[in-house]
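I opened this model to look up how its parts are put together.

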Amino acid sequence: SNWNDPLSRKCFAQQEIPTTPTMKGVNLTAWCQKTFGSAFKAQLIQQHAGGWACEQSIYNRRPVVVKEACKLQYGNKAYEAKALNWNDPKSWKCLLR
């Protein structure tokens, strides 16, 4: 070994550098319509990330599953949905492989 040549040492291992996942927005209304019918749209009921519902009328609301909306929009590349800020209802992102 040459002490002046750092590449001559054999104790260094290659490490995978973790990559930041790709994050993209999500169309909740498209999922609502595909899942419940064309009369439904995504409606904000409460002022936080969990405050979304699929709504036909105030008397006909259904739950939103954001992860499923991501899969509808991006296919198998979408592996998770994440609200970047719970207090911001528009902070939902789809994490893509």
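This is a predicted model: local features need pLDDT of at least 70, side-chain atom pairs count only at pLDDT 80 or more; totals for chains, interfaces and linings use all residues.

The entries below go through the sheets, the helices and the disulfides.

Entry 1. I looked up the strand order of a three-stranded open sheet and found 1-6-5, with antiparallel pairing. Strand 1 (22-24) and strand 5 (78-83) are at the edges. Each has a single partner strand, so one side of each has no neighbour in the sheet. From one strand to the next, the twist averages 30°.

I then went through the pairings. Strand 5 and strand 6 (residues 92-96) are antiparallel and share five bridges. Two partners I wrote down: Glu 80 is bridged to Leu 95 of strand 6, and Lys 82 is bridged to Lys 93 of strand 6. Strand 1 and strand 6 are also antiparallel, with three bridges. Here Met 23 stands opposite Leu 95 in strand 6.

Is strand 6 largely enclosed or largely open? I checked its residues: four of the five are buried, so strand 6 is largely enclosed by the rest of the structure.

Entry 2. I found three strands in an open sheet with the order 2-3-4, and the pairing is antiparallel. The edges are strand 2 (41-44) and strand 4 (60-63). Each of these pairs with a single strand, so one side of each is left without a neighbour in the sheet. The twist from one strand to the next averages 45°. Strand 2 and strand 3 (residues 52-57) run antiparallel and are joined by four bridges. In this pairing I noted that Leu 44 has Trp 52 of strand 3 as its bridge partner.

**Entry 3. Helices on sheets.** I asked which strands each helix lies against. Helix 1 lies across strand 2, strand 3 and strand 4, and runs at about 125° to strand 2. Helix 2 packs on the sheet where it touches strand 1, strand 5 and strand 6, and its direction makes about 135° with that of strand 5.

**Entry 4. Helix against helix.** Two packed helices are described by the angle between their axes and the distance between the axes. I looked up both values. Helix 1 (residues 28-36) and helix 2 (residues 66-74) pack at about 90°, and their axes are 9 Å apart. Helix 1 and helix 2 are therefore roughly perpendicular to each other. On the helix 1 side, the contact is made by Leu 28, Ala 30, Trp 31 and Lys 34. On the helix 2 side, Val 66, Glu 68, Ala 69 and Leu 72 make it. I sorted these residues by type: six are nonpolar, none is polar and two are charged.

**Entry 5. Disulfides.** How many disulfides does a search of the whole structure find? It finds two.

One joins Cys 32 to Cys 54, with an S to S distance of 2.0 Å. The torsion about this S-S bond is about -80°, so the disulfide is left-handed. Cys 32 is in helix 1 and Cys 54 in strand 3, so the pair links distant parts of the chain, 22 residues apart. Cys 32 has 0% relative accessibility and counts as buried. Cys 54, at 0% relative accessibility, counts as buried too.

Cys 70 and Cys 94 are also joined by a disulfide (S to S 2.0 Å). Its torsion is about -85°, so this disulfide is left-handed. The bond links Cys 70 in helix 2 with Cys 94 in strand 6, distant parts of the chain 24 residues apart. Both Cys 70 and Cys 94 are buried.

Last, I numbered the bonded cysteines in sequence order and read the pairing as 1-2, 3-4.

Note on methods:
Residues are numbered from 1 along each chain as its sequence is written. Side-chain values use heavy atoms; hydrogens and water are left out. Axes are lines fitted to C-alpha atoms, for helices over the stretch in contact, and angles run from 0 to 180 degrees between N-to-C directions. Helices (H or I, at least four residues) and strands (E, at least two) are DSSP runs, numbered from the N terminus. Angles under 35 degrees count as roughly parallel, over 145 as roughly antiparallel, 65 to 115 as roughly perpendicular and the rest as oblique. Contact means heavy atoms within 4.5 Å. Ala, Val, Leu, Ile, Met, Phe, Trp, Tyr, Cys and Pro count as nonpolar, Asp, Glu, Lys and Arg as charged, and the others, Gly among them, as polar. Two strands pair if DSSP finds at least two bridges between them. Buried means under 20% relative accessible area, exposed over 50%, partly exposed in between (1.4 Å probe, protein chains only). A disulfide is a pair of cysteine sulfur atoms within 2.5 Å.
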